[in-house]
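Please keep the structure in view while reading.

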Amino acid sequence: MAAMRWTSLVFLPVSWACSYVELPWQANSTVRPSYLIARTMELSNLYGTTEYSIEAVPRGSKHGKFGYVAPMNHFHFDGLPIQVPFEGMNEQGLTVSAHYLAQAVYEAPTDQDEPLSALEVVPRLLANCSCVEDVIKLLESVKVVAPKHGKQSLGGLHWAIADTSGRSIIVEYLEGQRMVHENHPRVMTNDPDIRWHWRNLNTYVNLNPHYPWQNDILQVKTDADIGAVPRPIGHGWNLFGLPGDSSPPSRFVRLFYLRGYALQSRAMTSFQEAVVLGTGLLNNVFLPVGPVAGNPREPGDGPELTDYGVLKSCQEKVMLIRGYVNSQWRKIDLKRLDFSKAHTWPLEDGSLGLQDITDGAKGDAPKDQLYL
(Lines give C-alpha, C1' and ligand atoms only; values in the text may rest on other atoms or scores of the structure.)
Protein backbone atom coordinates (compact mmCIF):
# COMPACT_ATOMS: atom_id res chain seq x y z
CA MET A 1 0.00 0.00 0.00
CA ALA A 2 2.87 2.38 0.79
CA ALA A 3 4.36 1.88 -2.66
CA MET A 4 0.96 2.38 -4.27
CA ARG A 5 0.42 5.64 -2.39
CA TRP A 6 3.81 6.97 -3.41
CA THR A 7 3.06 5.94 -6.97
CA SER A 8 -0.19 7.90 -6.79
CA LEU A 9 1.85 11.09 -6.46
CA VAL A 10 3.00 10.54 -10.02
CA PHE A 11 -0.63 10.77 -11.14
CA LEU A 12 -1.59 13.46 -8.65
CA PRO A 13 -2.91 16.01 -11.16
CA VAL A 14 -4.63 13.48 -13.44
CA SER A 15 -7.95 14.00 -11.66
CA TRP A 16 -8.11 17.73 -12.18
CA ALA A 17 -10.80 19.35 -14.32
CA CYS A 18 -10.37 22.98 -13.35
CA SER A 19 -12.16 25.84 -15.09
CA TYR A 20 -11.24 29.54 -15.29
CA VAL A 21 -13.03 32.56 -16.76
CA GLU A 22 -12.64 36.34 -16.40
CA LEU A 23 -15.62 38.72 -16.28
CA PRO A 24 -15.27 42.46 -17.00
CA TRP A 25 -17.25 45.14 -15.26
CA GLN A 26 -17.02 48.89 -15.74
CA ALA A 27 -18.56 51.47 -13.39
CA ASN A 28 -18.57 54.12 -16.13
CA SER A 29 -17.00 54.81 -19.51
CA THR A 30 -14.24 57.00 -18.05
CA VAL A 31 -12.47 54.15 -16.24
CA ARG A 32 -10.88 51.01 -17.63
CA PRO A 33 -12.68 47.70 -16.98
CA SER A 34 -12.05 45.70 -13.85
CA TYR A 35 -12.16 41.90 -13.94
CA LEU A 36 -13.63 39.24 -11.70
CA ILE A 37 -11.85 35.92 -12.10
CA ALA A 38 -13.91 32.79 -11.47
CA ARG A 39 -12.25 29.38 -11.14
CA THR A 40 -12.95 25.92 -9.81
CA MET A 41 -10.64 23.29 -8.37
CA GLU A 42 -11.44 19.64 -9.02
CA LEU A 43 -9.59 16.70 -7.52
CA SER A 44 -10.55 13.26 -6.28
CA ASN A 45 -9.83 12.46 -2.62
CA LEU A 46 -6.66 10.38 -3.02
CA TYR A 47 -6.95 7.43 -0.62
CA GLY A 48 -8.96 9.64 1.73
CA THR A 49 -5.88 11.80 2.43
CA THR A 50 -6.77 15.04 0.64
CA GLU A 51 -7.60 18.03 2.83
CA TYR A 52 -7.84 21.78 2.26
CA SER A 53 -7.29 24.98 4.16
CA ILE A 54 -7.09 28.66 3.26
CA GLU A 55 -3.74 30.19 4.18
CA ALA A 56 -2.38 33.72 4.34
CA VAL A 57 1.37 33.33 3.81
CA PRO A 58 3.30 36.23 5.36
CA ARG A 59 5.69 38.39 3.39
CA GLY A 60 9.28 37.29 3.81
CA SER A 61 8.49 33.57 3.75
CA LYS A 62 11.21 31.74 1.83
CA HIS A 63 12.73 35.16 1.08
CA GLY A 64 9.59 36.35 -0.71
CA LYS A 65 8.76 40.04 -0.93
CA PHE A 66 4.97 39.77 -0.78
CA GLY A 67 2.37 38.04 1.32
CA TYR A 68 -0.40 36.13 -0.38
CA VAL A 69 -3.62 34.19 0.20
CA ALA A 70 -4.00 30.68 -1.22
CA PRO A 71 -6.27 27.68 -0.82
CA MET A 72 -3.83 24.92 0.13
CA ASN A 73 -4.06 21.28 -0.92
CA HIS A 74 -2.85 19.01 1.88
CA PHE A 75 -1.90 15.42 1.07
CA HIS A 76 -0.79 12.86 3.66
CA PHE A 77 0.99 9.80 2.33
CA ASP A 78 2.44 7.40 4.89
CA GLY A 79 2.68 10.18 7.48
CA LEU A 80 4.46 12.57 5.13
CA PRO A 81 2.50 15.84 4.77
CA ILE A 82 2.62 17.59 1.40
CA GLN A 83 1.22 21.14 1.08
CA VAL A 84 0.74 22.60 -2.40
CA PRO A 85 -1.08 25.76 -3.55
CA PHE A 86 -2.57 25.74 -7.04
CA GLU A 87 -4.35 29.06 -6.68
CA GLY A 88 -3.75 32.41 -5.02
CA MET A 89 -3.55 36.20 -4.95
CA ASN A 90 -0.86 38.35 -3.40
CA GLU A 91 -1.07 41.70 -1.64
CA GLN A 92 -0.15 43.50 -4.89
CA GLY A 93 -3.21 42.07 -6.65
CA LEU A 94 -1.31 39.54 -8.80
CA THR A 95 -3.24 36.28 -9.21
CA VAL A 96 -2.03 32.87 -10.37
CA SER A 97 -4.18 29.83 -11.18
CA ALA A 98 -2.58 26.46 -12.00
CA HIS A 99 -4.51 23.86 -14.02
CA TYR A 100 -3.59 20.38 -15.10
CA LEU A 101 -2.10 20.03 -18.60
CA ALA A 102 -1.06 16.49 -19.49
CA GLN A 103 0.50 17.79 -22.71
CA ALA A 104 3.10 19.84 -20.80
CA VAL A 105 6.78 19.13 -21.41
CA TYR A 106 8.98 21.35 -19.25
CA GLU A 107 12.40 22.86 -19.84
CA ALA A 108 15.59 20.88 -19.57
CA PRO A 109 17.69 21.79 -16.51
CA THR A 110 21.06 23.46 -17.08
CA ASP A 111 24.09 24.24 -14.93
CA GLN A 112 23.65 27.98 -15.54
CA ASP A 113 19.99 28.46 -14.54
CA GLU A 114 18.12 27.77 -11.33
CA PRO A 115 15.72 24.82 -11.71
CA LEU A 116 12.21 25.63 -10.51
CA SER A 117 9.84 22.73 -10.00
CA ALA A 118 6.46 23.22 -11.69
CA LEU A 119 4.81 22.66 -8.29
CA GLU A 120 6.76 25.65 -6.94
CA VAL A 121 5.70 28.10 -9.67
CA VAL A 122 2.54 29.36 -7.92
CA PRO A 123 4.16 30.20 -4.55
CA ARG A 124 7.32 31.61 -6.19
CA LEU A 125 5.36 33.98 -8.42
CA LEU A 126 2.98 35.10 -5.69
CA ALA A 127 5.80 35.77 -3.24
CA ASN A 128 8.03 37.71 -5.65
CA CYS A 129 6.01 39.33 -8.45
CA SER A 130 3.73 42.36 -8.44
CA CYS A 131 2.60 42.26 -12.08
CA VAL A 132 2.57 40.12 -15.21
CA GLU A 133 5.79 41.71 -16.49
CA ASP A 134 7.55 40.63 -13.28
CA VAL A 135 6.27 37.10 -13.85
CA ILE A 136 7.71 36.96 -17.36
CA LYS A 137 11.10 38.23 -16.15
CA LEU A 138 11.21 35.71 -13.30
CA LEU A 139 10.35 32.79 -15.57
CA GLU A 140 13.07 33.93 -18.01
CA SER A 141 15.60 33.73 -15.18
CA VAL A 142 14.90 30.08 -14.26
CA LYS A 143 14.24 26.73 -15.89
CA VAL A 144 10.84 25.35 -15.00
CA VAL A 145 11.34 21.60 -14.67
CA ALA A 146 9.13 18.60 -14.06
CA PRO A 147 8.52 17.81 -10.41
CA LYS A 148 9.78 14.33 -9.65
CA HIS A 149 9.56 11.55 -7.12
CA GLY A 150 12.65 9.44 -7.62
CA LYS A 151 12.99 8.92 -11.36
CA GLN A 152 9.29 9.45 -12.10
CA SER A 153 7.95 12.82 -13.25
CA LEU A 154 4.67 14.16 -11.93
CA GLY A 155 1.88 15.43 -14.16
CA GLY A 156 1.92 18.72 -16.04
CA LEU A 157 0.51 22.16 -15.37
CA HIS A 158 -0.21 25.42 -17.13
CA TRP A 159 -0.97 28.77 -15.53
CA ALA A 160 -3.39 31.68 -15.95
CA ILE A 161 -1.89 34.89 -14.51
CA ALA A 162 -3.44 38.37 -14.21
CA ASP A 163 -2.65 41.68 -12.51
CA THR A 164 -4.33 44.94 -11.50
CA SER A 165 -3.76 46.55 -14.92
CA GLY A 166 -6.12 44.04 -16.50
CA ARG A 167 -3.34 42.22 -18.32
CA SER A 168 -3.88 38.47 -18.46
CA ILE A 169 -1.55 35.77 -19.79
CA ILE A 170 -1.35 32.00 -20.04
CA VAL A 171 1.99 30.25 -19.56
CA GLU A 172 2.51 26.78 -20.98
CA TYR A 173 5.53 24.55 -21.50
CA LEU A 174 5.28 22.53 -24.71
CA GLU A 175 8.04 20.38 -26.18
CA GLY A 176 10.45 21.88 -23.68
CA GLN A 177 9.74 25.48 -24.66
CA ARG A 178 8.09 28.23 -22.61
CA MET A 179 5.03 29.69 -24.34
CA VAL A 180 3.52 32.98 -23.10
CA HIS A 181 0.18 33.96 -24.60
CA GLU A 182 -1.77 37.15 -24.03
CA ASN A 183 -5.09 35.74 -22.82
CA HIS A 184 -7.57 37.87 -24.75
CA PRO A 185 -10.34 35.21 -24.64
CA ARG A 186 -9.81 35.14 -20.84
CA VAL A 187 -10.82 31.48 -20.43
CA MET A 188 -8.75 28.41 -19.50
CA THR A 189 -9.49 24.77 -18.72
CA ASN A 190 -7.17 21.80 -19.32
CA ASP A 191 -5.92 19.78 -22.31
CA PRO A 192 -5.24 20.36 -25.15
CA ASP A 193 -3.01 23.44 -25.26
CA ILE A 194 -4.61 26.89 -25.26
CA ARG A 195 -4.17 27.58 -28.98
CA TRP A 196 -6.15 24.41 -29.75
CA HIS A 197 -9.01 25.71 -27.57
CA TRP A 198 -8.99 29.06 -29.35
CA ARG A 199 -9.34 27.39 -32.74
CA ASN A 200 -12.05 25.09 -31.41
CA LEU A 201 -14.28 28.09 -30.67
CA ASN A 202 -14.74 28.34 -34.45
CA THR A 203 -16.57 25.01 -34.36
CA TYR A 204 -19.53 26.60 -32.55
CA VAL A 205 -20.21 29.65 -34.71
CA ASN A 206 -23.72 28.27 -35.25
CA LEU A 207 -24.62 29.42 -31.71
CA ASN A 208 -26.57 32.64 -31.57
CA PRO A 209 -27.40 35.18 -28.85
CA HIS A 210 -30.78 35.93 -30.45
CA TYR A 211 -34.13 34.17 -30.52
CA PRO A 212 -34.13 31.83 -33.55
CA TRP A 213 -36.64 33.34 -35.95
CA GLN A 214 -34.34 32.93 -38.96
CA ASN A 215 -36.27 29.94 -40.36
CA ASP A 216 -39.60 31.74 -40.55
CA ILE A 217 -38.99 32.06 -44.30
CA LEU A 218 -39.53 28.30 -44.56
CA GLN A 219 -42.77 28.13 -42.59
CA VAL A 220 -45.68 26.14 -43.97
CA LYS A 221 -49.09 25.40 -42.51
CA THR A 222 -49.92 21.96 -41.15
CA ASP A 223 -52.82 20.54 -39.17
CA ALA A 224 -54.51 23.00 -36.84
CA ASP A 225 -53.29 21.29 -33.67
CA ILE A 226 -49.67 21.53 -34.87
CA GLY A 227 -49.66 24.95 -36.48
CA ALA A 228 -47.03 26.44 -38.73
CA VAL A 229 -43.66 24.67 -38.93
CA PRO A 230 -40.81 25.12 -38.39
CA ARG A 231 -41.05 27.53 -35.47
CA PRO A 232 -39.27 27.73 -32.10
CA ILE A 233 -41.32 26.60 -29.11
CA GLY A 234 -39.89 27.66 -25.77
CA HIS A 235 -36.50 29.11 -24.94
CA GLY A 236 -32.95 27.88 -25.31
CA TRP A 237 -32.86 26.89 -28.98
CA ASN A 238 -30.32 29.62 -29.73
CA LEU A 239 -27.86 27.53 -27.66
CA PHE A 240 -28.66 24.23 -29.35
CA GLY A 241 -25.37 22.41 -29.89
CA LEU A 242 -23.60 23.95 -26.90
CA PRO A 243 -21.67 21.00 -25.41
CA GLY A 244 -22.87 19.92 -21.98
CA ASP A 245 -20.28 17.34 -20.89
CA SER A 246 -17.46 17.97 -18.41
CA SER A 247 -14.49 17.52 -20.75
CA PRO A 248 -12.01 20.42 -20.94
CA PRO A 249 -12.98 21.45 -24.51
CA SER A 250 -16.69 21.49 -23.63
CA ARG A 251 -16.18 23.50 -20.45
CA PHE A 252 -14.03 26.01 -22.35
CA VAL A 253 -16.70 26.49 -25.02
CA ARG A 254 -19.53 26.82 -22.49
CA LEU A 255 -17.73 29.42 -20.39
CA PHE A 256 -16.73 31.48 -23.43
CA TYR A 257 -20.15 31.59 -25.10
CA LEU A 258 -22.31 31.79 -21.96
CA ARG A 259 -20.22 34.65 -20.60
CA GLY A 260 -20.23 36.44 -23.94
CA TYR A 261 -23.97 36.21 -24.46
CA ALA A 262 -24.67 37.25 -20.87
CA LEU A 263 -22.49 40.35 -21.27
CA GLN A 264 -24.05 41.21 -24.62
CA SER A 265 -27.47 41.07 -23.01
CA ARG A 266 -26.42 43.20 -20.05
CA ALA A 267 -23.06 44.85 -19.47
CA MET A 268 -21.97 44.72 -15.84
CA THR A 269 -21.32 47.94 -13.94
CA SER A 270 -20.41 46.68 -10.46
CA PHE A 271 -18.49 44.06 -8.54
CA GLN A 272 -21.80 42.74 -7.18
CA GLU A 273 -23.17 42.11 -10.67
CA ALA A 274 -19.95 40.32 -11.61
CA VAL A 275 -20.25 38.06 -8.55
CA VAL A 276 -23.77 37.04 -9.59
CA LEU A 277 -22.66 36.14 -13.13
CA GLY A 278 -19.46 34.49 -11.90
CA THR A 279 -21.45 32.34 -9.48
CA GLY A 280 -23.79 31.27 -12.29
CA LEU A 281 -20.91 30.30 -14.58
CA LEU A 282 -19.17 28.30 -11.86
CA ASN A 283 -22.45 26.53 -11.09
CA ASN A 284 -22.57 25.53 -14.75
CA VAL A 285 -19.27 23.63 -14.49
CA PHE A 286 -19.74 22.37 -10.90
CA LEU A 287 -19.03 18.64 -10.51
CA PRO A 288 -20.91 16.66 -7.86
CA VAL A 289 -19.05 13.54 -6.78
CA GLY A 290 -19.86 10.52 -8.90
CA PRO A 291 -20.91 11.45 -12.46
CA VAL A 292 -17.37 12.09 -13.75
CA ALA A 293 -15.76 8.68 -13.54
CA GLY A 294 -12.27 8.05 -12.30
CA ASN A 295 -9.84 5.93 -14.29
CA PRO A 296 -9.40 2.52 -12.60
CA ARG A 297 -6.11 2.06 -14.44
CA GLU A 298 -4.58 5.09 -12.72
CA PRO A 299 -3.54 4.40 -9.11
CA GLY A 300 -5.43 6.61 -6.67
CA ASP A 301 -7.66 8.16 -9.34
CA GLY A 302 -11.24 8.46 -8.10
CA PRO A 303 -14.39 10.30 -9.15
CA GLU A 304 -13.84 14.04 -9.48
CA LEU A 305 -15.67 16.70 -7.55
CA THR A 306 -15.47 20.48 -7.31
CA ASP A 307 -13.53 20.81 -4.06
CA TYR A 308 -13.70 24.60 -4.06
CA GLY A 309 -14.63 27.62 -6.12
CA VAL A 310 -12.99 31.05 -6.13
CA LEU A 311 -14.11 34.50 -7.25
CA LYS A 312 -11.28 37.04 -7.11
CA SER A 313 -10.63 40.58 -8.22
CA CYS A 314 -7.11 41.91 -8.79
CA GLN A 315 -8.35 45.51 -8.70
CA GLU A 316 -10.41 45.09 -5.51
CA LYS A 317 -7.81 42.75 -3.94
CA VAL A 318 -10.63 40.54 -2.73
CA MET A 319 -11.08 36.76 -2.81
CA LEU A 320 -14.37 34.93 -2.33
CA ILE A 321 -14.06 31.21 -1.59
CA ARG A 322 -16.61 28.43 -1.17
CA GLY A 323 -16.32 24.71 -0.52
CA TYR A 324 -18.01 21.60 -1.83
CA VAL A 325 -20.33 21.11 1.16
CA ASN A 326 -20.66 24.71 2.31
CA SER A 327 -21.31 26.63 -0.90
CA GLN A 328 -21.80 29.99 0.84
CA TRP A 329 -19.25 32.53 -0.41
CA ARG A 330 -16.80 33.75 2.25
CA LYS A 331 -14.80 36.91 1.68
CA ILE A 332 -11.14 37.67 2.35
CA ASP A 333 -10.16 41.32 1.85
CA LEU A 334 -6.40 41.34 1.24
CA LYS A 335 -6.28 45.12 1.84
CA ARG A 336 -7.18 44.52 5.50
CA LEU A 337 -4.93 41.53 6.17
CA ASP A 338 -1.78 41.84 8.25
CA PHE A 339 0.79 40.06 6.08
CA SER A 340 3.47 40.30 8.73
CA LYS A 341 2.09 37.04 10.17
CA ALA A 342 0.39 33.87 8.99
CA HIS A 343 -3.38 33.29 9.06
CA THR A 344 -5.40 30.12 8.52
CA TRP A 345 -9.08 29.48 7.83
CA PRO A 346 -10.86 26.16 7.23
CA LEU A 347 -12.20 25.61 3.73
CA GLU A 348 -15.16 23.70 5.15
CA ASP A 349 -16.70 24.48 8.55
CA GLY A 350 -18.84 21.35 8.88
CA SER A 351 -22.07 23.13 7.92
CA LEU A 352 -24.09 23.68 4.77
CA GLY A 353 -23.88 27.44 5.28
CA LEU A 354 -27.66 27.72 5.50
CA GLN A 355 -29.35 30.75 7.04
CA ASP A 356 -32.57 29.99 8.92
CA ILE A 357 -34.97 32.88 8.23
CA THR A 358 -38.01 31.33 9.90
CA ASP A 359 -38.08 33.81 12.78
CA GLY A 360 -37.01 36.80 10.70
CA ALA A 361 -40.31 37.54 8.96
CA LYS A 362 -41.40 41.18 9.23
CA GLY A 363 -45.03 41.88 10.14
CA ASP A 364 -48.14 40.17 8.89
CA ALA A 365 -49.40 39.96 5.33
CA PRO A 366 -52.38 42.25 4.55
CA LYS A 367 -55.71 40.62 5.26
CA ASP A 368 -56.88 41.33 1.72
CA GLN A 369 -53.74 39.77 0.20
CA LEU A 370 -54.72 37.57 -2.73
CA TYR A 371 -52.95 34.26 -3.24
CA LEU A 372 -53.10 32.06 -6.29
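Predicted model: local features only at pLDDT ≥ 70, side-chain atom pairs only at ≥ 80, totals over all residues.

1. β2 spans residues 34–42 and is mostly covered, with nine of its nine residues buried. Ser34, Leu36, Ala38, Thr40 and Glu42 point one way, and Tyr35, Ile37, Arg39 and Met41 point the other way. All of them are buried. In a regular strand, side chains alternate between the two faces of the sheet.

2. **Neighbours of β2.** Which strands pair with β2? One is β1 (residues 19–25), antiparallel to β2 over seven bridges. In that pairing Leu23 stands opposite Leu36. Another is β16 (residues 306–313), also joined to β2 by seven bridges and running antiparallel. Here Ala38 has Leu311 as its bridge partner.

3. β2 belongs to an open sheet of six strands, in the order β15-β1-β2-β16-β17-β18. The pairing is antiparallel. The edges are β15 (187–188) and β18 (330–333), each of which pairs on one side only. Strands of a sheet pair through backbone hydrogen bonds.

4. **From β16 to β17.** Six bridges join β16 to β17 (residues 318–323), and the two run antiparallel. Leu311 stands opposite Leu320 in β17. Leu311 is also the bridge partner of Ala38. Lys317 lies in the loop between β16 and β17. Lys317 has a positive phi near 55°, although it is a residue other than glycine.

5. **A helix across the sheet.** Helix α5 (residues 248–265) lies across β1 and β15. The helix runs at about 15° to β1.

6. How many of the residues of β13 are buried? The count is seven of seven, and β13 is mostly covered. Ser168, Ile170, Glu172 and Leu174 point one way, while Ile169, Val171 and Tyr173 point the other. Each of these residues is buried, the charged Glu172 included.

7. **The hairpin of β12 and β13.** β12 (residues 157–162) pairs with β13 in the antiparallel sense over four bridges. Ile161 has Ile169 in β13 as its bridge partner. Five residues lie between the two strands of this hairpin. Among them, Gly166 takes a positive phi near 95°.

8. **The hairpin of β13 and β14.** On this side the pairing is again antiparallel, over six bridges. Tyr173 stands opposite Arg178 in β14. Two residues lie between these strands. Glu175 sits in this loop, between β13 (168–174) and β14 (177–182). Glu175 is not a glycine, yet its phi is positive, at about 55°. Is Glu175 buried or exposed? Glu175 is exposed, because its relative accessible area is 73%.

9. Helix α2 (residues 121–128) and helix α3 (residues 132–140) have axes that come within 10 Å and cross at roughly 125°. That angle makes α2 oblique to α3. The crossing is right-handed. Arg124, Leu125 and Asn128 of α2 meet Val135, Leu138 and Leu139 of α3. By class, this contact has four nonpolar residues, one polar and one charged.

10. **Cis peptide bonds.** Pro192 lies in the loop between β15 and α4 (194–200). The bond from Val229 to Pro230 is cis too, with omega near -5°. Pro230 is in the loop between α4 and α5.

11. **Towards the end of the strands.** Asp349 is in the segment after β19 (343–346). Asp349 is partly exposed, with a relative accessible area of 46%. Asp349 and Val325 are 24 residues apart along the chain. Their C-alpha atoms are separated by 8.9 Å.

12. **The chain as a whole.** The chain has six helices and 19 strands. Of its 372 residues, 48% are buried. Take the contacts between residues at least 6 apart in sequence: 65% of these join residues at least 24 apart.

Notes. Residues numbered from 1 in each chain as written. Heavy atoms only, no water. Axes fitted to C-alpha atoms, helices over the stretch in contact; angles between N-to-C directions. Parallel < 35°, antiparallel > 145°, perpendicular 65-115°, else oblique. Left-handed = near helix turned anticlockwise from the far one by under 90°. Contact = heavy atoms within 4.5 Å. Buried < 20%, exposed > 50% of the residue type's maximum accessible area, 1.4 Å probe, protein only. Pairing = 2+ DSSP bridges.
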